[in-house]
Amino acid sequence: FFDPIGNEGLQVDIKEIKLPRATQTHEVCYEPVTQCVFISQMSSCVLVRIPLDTNGFLLDDQDAWKIGACNEVGDGIEGIHNVSLSATHPGCLWLSLQYANQLLLVDVTAKHTMLVRQIIQVPTVYTHPESGARIHVGGPHCMRECPHTGDIWAGLKGALKDAPCGERKKEGPTGRS
């Protein structure tokens, strides 16, 4: 319960953090093992890491990584979207690459590197069980790991006509391109 009138007199600390240039700074996730905040920047496919001090405030000591493939000018093109904790792998984050149709399990405990522990390729075609029609589905928008079973659940955004990672083949009900 939050009472705005009763809490109006409380002090609020605001800190501006400069991030790499991007048009879509997207999701934020606090990772408790490293005590860092991770931020996805979808348009440039960059993952930013900002450590917290002992009081829980953001430090001016950020770093960032381009995730996945880049275009000819060096911009990331795979559309990093989701950033979420792994319950079964402490110190790891799940990232979704929407345009590459992949889920990455990334170990974020190393100070200067990101170690990819697992890559899951997300299906992009659904075959209707009765008609046999093949329907294109889009890449992983958000995903979560069940903390009890370790199962991975991904929500798919919808088919993307002009994905920057390359052209997707359009298949009809017969499976031919």
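Mentor: Gladly. This is a predicted model. Its largest nonpolar core has 17 residues, and F38, L47 and I67 have the most contacts inside it. Strand 2 (36-41), strand 5 (80-85), strand 6 (92-97) and strand 7 (102-107) each supply at least two residues of this core. Strand 6 gives the largest share, 3 residues.

Trainee: Which residues does L47 touch, leaving aside those up to four places away in sequence?

Mentor: L47 has heavy atoms within 4.5 Å of F38, I39, S40, D63, A64, W65, I67, I80, V83, L95 and M114. There is also a second, separate core of 7 residues, with V46, V48, I50 and L52 among them.

Trainee: Why does C29 count as buried?

Mentor: Buried means under 20% relative accessible area. C29 has 8%, so C29 counts as buried.

Trainee: And what makes C70 partly exposed?

Mentor: The relative accessible area of C70 is 38%. That value lies between the 20% and 50% cut-offs, so C70 is called partly exposed.

Trainee: How do you know that C70 is in no disulfide?

Mentor: A disulfide needs two cysteine sulfur atoms within 2.5 Å. The nearest cysteine sulfur to that of C70 belongs to C45 and is 7.8 Å away, so C70 is in no disulfide. The count for the model comes to 0 disulfides.

Trainee: Why are strand 6 and strand 7 said to pair?

Mentor: Pairing requires at least two bridges. Strand 6 and strand 7 have 6 bridges, in the antiparallel sense, so they are a pair. L97 stands opposite Q102 in strand 7.

Notes: Residues numbered from 1 in each chain as written. Predicted model: local features only at pLDDT ≥ 70, side-chain atom pairs only at ≥ 80, totals over all residues. Heavy atoms only, no water. Core = buried A, V, L, I, M, F, W, Y, C linked by side-chain atoms within 4.5 Å. Buried < 20%, exposed > 50% of the residue type's maximum accessible area, 1.4 Å probe, protein only. Helix = DSSP H or I, 4+ residues; strand = E, 2+ residues; numbered from the N terminus.
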